[in-house]
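Please open the model in your viewer and keep a selection panel at hand. The tour below goes from one selection to the next and says what is found at each stop.

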Amino acid sequence: MNEIAKSFLDAYASGGEIEGGWKFAKALQQAQLDYSDKGLHRLDQLFAAMRERVKPSREDMQGSLQGRNFCALIAYHVIEILRRRTGAHIDWHDKASALQELPAGMQLPNEPFARLIALAPDQGVAFMPLDWIEAEIFADSQQSKAADYVTSLIQQLERHAPVIWWTGMQALGRTASWQMMMAADGGTVLPLMLRSTAPMSWCALMSGLPGESPEQALQYGVDCLEKNLDSATWQVFSYDGYADIEEGSFDAVIVILYTYGTSPLQLKIAFPYRPAQAGRAFEILDPTLRGTNVEGEQVLMSGNAMQRGIRSIKWAFGTTWDQLRKT
């Protein structure tokens with residue numbers, strides 16, 4: 001349903017409508033909903049005008065395609081504000097698909113507002129913004145300001161830790177997967193930096209040519225993490241190293257994550273691997289936490305984001321991380 005949400009938002013931004021249209025199309029365009037604080041205030045004004053002048057019934061909004069489209073557009077818009085302000089990964093679902101993603105046994109309300117559900121899988125949070133929207137439309141007075149509602153959603157996302165931790169862990173996973181792909185293909189694992197300021201572009205700290213100093217590259221990477229001269233919200237530094245585990249000493253992709261802000265996260269994870277040799281296939285061993293500034297349980301809760309990052313890299317030579325993972 002993510003593509004449906006995008007099509008709604010794109011149509012509104014271009015001044016058009018989706019197939020079937022939506023109620024109060026002229027009023028919607030006049031509201032100029034633009035993801036800003038002023039746009040949220042204009043959304044409050046739109047709801048107030050509907051309550052005071054139009055007084056739509058539930059049948060008007062829930063029983064017609066245009067009414068449902070109107071509510072869906074506002075829901076998509078509010079959650080997009082949440083996504084933009086936090087960087088959280090959010091997926092749209094209907095009730096049936098949401099239940100497949102949620103923990104077994106979890107129930108959802110048997111109400112019309114549960115037809116659209118936004119899931120933040122990293123934090124394990126489900127949002128049903130139609131509940132708030134319908135309360136704003138059908139109540140006799142304002143229930144809560146749009147800005148306050150968005151703030152409440154952010155608080156739900158960050159009840160355990162800042163969203164930036166999960167964003168950083170996903171970047172850590174992507175970096176580990178890229179470096180492991182290089183190792184599995186027999187390539188050189190060069191020191192790399194990845195920053196929030198350019199989240200899709202790895203910066204190589206060495207070219208691989210003779211005469212370069214790995215020690216200087218490693219020190220430069222550590223300095224970048226500590227000084228954060230670009231004012232990034234997170235940085236990831238990775239390099240080829242070693243890990244001592246119960247089975248012995250192994251080559252490893254070492255990845256260090258720093259997030260910044262009022263609750264910074266710092267951690268170092270080693271991803272050991274056994275190179276292919278003597279007829280034995282390349283193997284990825286269990287990762288090990290080599291250091292962190294927070295409790296281990298807090299690191300574990302962001303593990304899903306790391307795994308999502310790992311699986312987001314499409315390996316170039318037809319295999320995957322999971323296929324090479326030692327079980």
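Over how many bridges do strand E2 and E3 pair, and in which sense? Select residues 117-120, which are strand E2, and you will find that E2 pairs with E3 in the antiparallel sense over 3 bridges; helices (H or I, at least four residues) and strands (E, at least two) are DSSP runs, numbered from the N terminus, and two strands pair if DSSP finds at least two bridges between them. This is a predicted model, in which local features need pLDDT of at least 70 and side-chain atom pairs count only at pLDDT 80 or more, while totals for chains, interfaces and linings use all residues. Residues are numbered from 1 along each chain as its sequence is written, and side-chain values use heavy atoms, with hydrogens and water left out.

Stay with this sheet and pick out Ala120, whose bridge partner in E3 is Val125. Then widen the selection to the open sheet of 3 strands, which has the order E1-E2-E3 and antiparallel pairing. Its edge strands, each pairing on one side only, are E1 (91-93) and E3 (125-127).

Next, select helix H3 (residues 37-54) together with helix H5 (residues 65-86), whose axes come within 12 Å and cross at roughly 155 degrees; axes are lines fitted to C-alpha atoms, for helices over the stretch in contact, and angles run from 0 to 180 degrees between N-to-C directions. That makes H3 roughly antiparallel to H5, a term used for angles over 145 degrees. To see the side chains involved, display Leu43, Phe47 and Met50, which are among the H3 residues that meet H5, and on the H5 side Phe70, Ile74 and Val78, among others; contact means heavy atoms within 4.5 Å.

Now move to Ser144, in the loop between helix H7 (129-138) and helix H8 (146-157). Ser144 is partly exposed, with a relative accessible area of 25%, where partly exposed lies between buried (under 20%) and exposed (over 50%), using a 1.4 Å probe and protein chains only. Leaving aside neighbours within four places in sequence, Ser144 is in contact with Asp44, Trp132, Glu136 and Tyr149.

Finally, select strand E6 (residues 234-245), which pairs with strand E4 (residues 192-195) in the antiparallel sense over 4 bridges, with Leu192 standing opposite Ser238.

Conventions
Angles under 35 degrees count as roughly parallel, over 145 as roughly antiparallel, 65 to 115 as roughly perpendicular and the rest as oblique.
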